[in-house]
Amino acid sequence: MIIIKDETDTKEAESYEGVRILLLTNGNMNGDAAGAALRLRNITRGKMAVAILGHSGESLREADATYYLDDPVFADSDCRASGRISVALIKKVFPCDYVVCGTSSAEGSPSSLAARIALGCDMESVFNVSGIDRSDDGSLRIIQNGTESEVSWKAVFSVSGGRWPEAVAEIREGRHLNRIDLGLGVFSVGAKGSKVLISKEVS
């Protein structure tokens, strides 16, 4: 088990050998998403981090690192702002190969959050995943909407049901990160970064 100390210096991204998996969650752990992240970890023998949108919440016993995206200005972030926070975490602190979205923002589903992260990190977005396995050639196979297909090396998943291994949720020590740690401006997150753009008013 790796305990990450509470530090604010994120100039150098944390790195691990091999595959890196990130599970995004909020205070309430999504069991399907947690199981999918654990499945990826078991298949790839990679390192798994849990990022919690908030100052507290459940991580996983199996996690190698836990991050708390902990800043009052993150409150009321819609899908667009939550996507910016997640992309900044991935680019600045925990570069990863796979992301599993187990949370939705104040406005938007895990699928829409996955799409924004994929766009910001140049990864493939894969929605409604209900199964993950490994092909003989080492590539990943997924079941998506009842159909089996392959995914690229770097992908962001949203999960929909499925039979996943049981991941054990627990409160963990972790590293608390604010907007300064992630290099984000106050107008890019929270309510200020979540304003709906009105293109046309109809009276």
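Which residues in α2 meet which residues in α3? In this predicted model, the α2 side of the contact is made up of C79, R80, S82, G83, S86, V87, I90 and K91. Facing them from α3 are S112, L113, R116, I117, G120 and C121. Sorted by class, the contact of α2 with α3 brings together six nonpolar, five polar and three charged residues.

As for how the pair is arranged, helix α2 covers residues 79-92 and helix α3 covers residues 110-121. Their axes sit 9 Å apart, and the packing angle is about 45°. An angle of that size makes α2 oblique to α3. The crossing of the two helices, α2 and α3, is right-handed.

Helix α2 deserves a look of its own. The buried set in α2 runs through C79, A81, S82, G83, I85, S86, V87, A88, L89 and I90.

Over in strand β2 there is V50, which is buried, its relative accessible area being 0%. What is V50 in contact with, once its neighbours within four places in sequence are left aside? The list takes in L22, L23, T25 and M29, and then S59, L60, A63, A65, T66 and Y67. Take L22 from that list: L22 and V50 are 28 residues apart along the chain, yet their C-alpha atoms are separated by 5.8 Å.

One is R45, where phi is near 60°, a positive value in a residue other than glycine. R45 belongs to the loop that runs between α1 (31-44) and β2 (47-53). Is R45 buried or exposed? With a relative accessible area of 76%, against a cut-off of over 50%, R45 is exposed.

The other is N128, again a residue other than glycine with a positive phi, here near 55°. N128 is found in a strand, namely β6 (residues 124-134). Its relative accessibility comes to 32%, so N128 counts as partly exposed.

Terms used
Residues numbered from 1 in each chain as written. Predicted model: local features only at pLDDT ≥ 70, side-chain atom pairs only at ≥ 80, totals over all residues. Heavy atoms only, no water. Axes fitted to C-alpha atoms, helices over the stretch in contact; angles between N-to-C directions. Helix = DSSP H or I, 4+ residues; strand = E, 2+ residues; numbered from the N terminus. Parallel < 35°, antiparallel > 145°, perpendicular 65-115°, else oblique. Left-handed = near helix turned anticlockwise from the far one by under 90°. Contact = heavy atoms within 4.5 Å. Nonpolar A, V, L, I, M, F, W, Y, C, P; charged D, E, K, R; others polar. Buried < 20%, exposed > 50% of the residue type's maximum accessible area, 1.4 Å probe, protein only.
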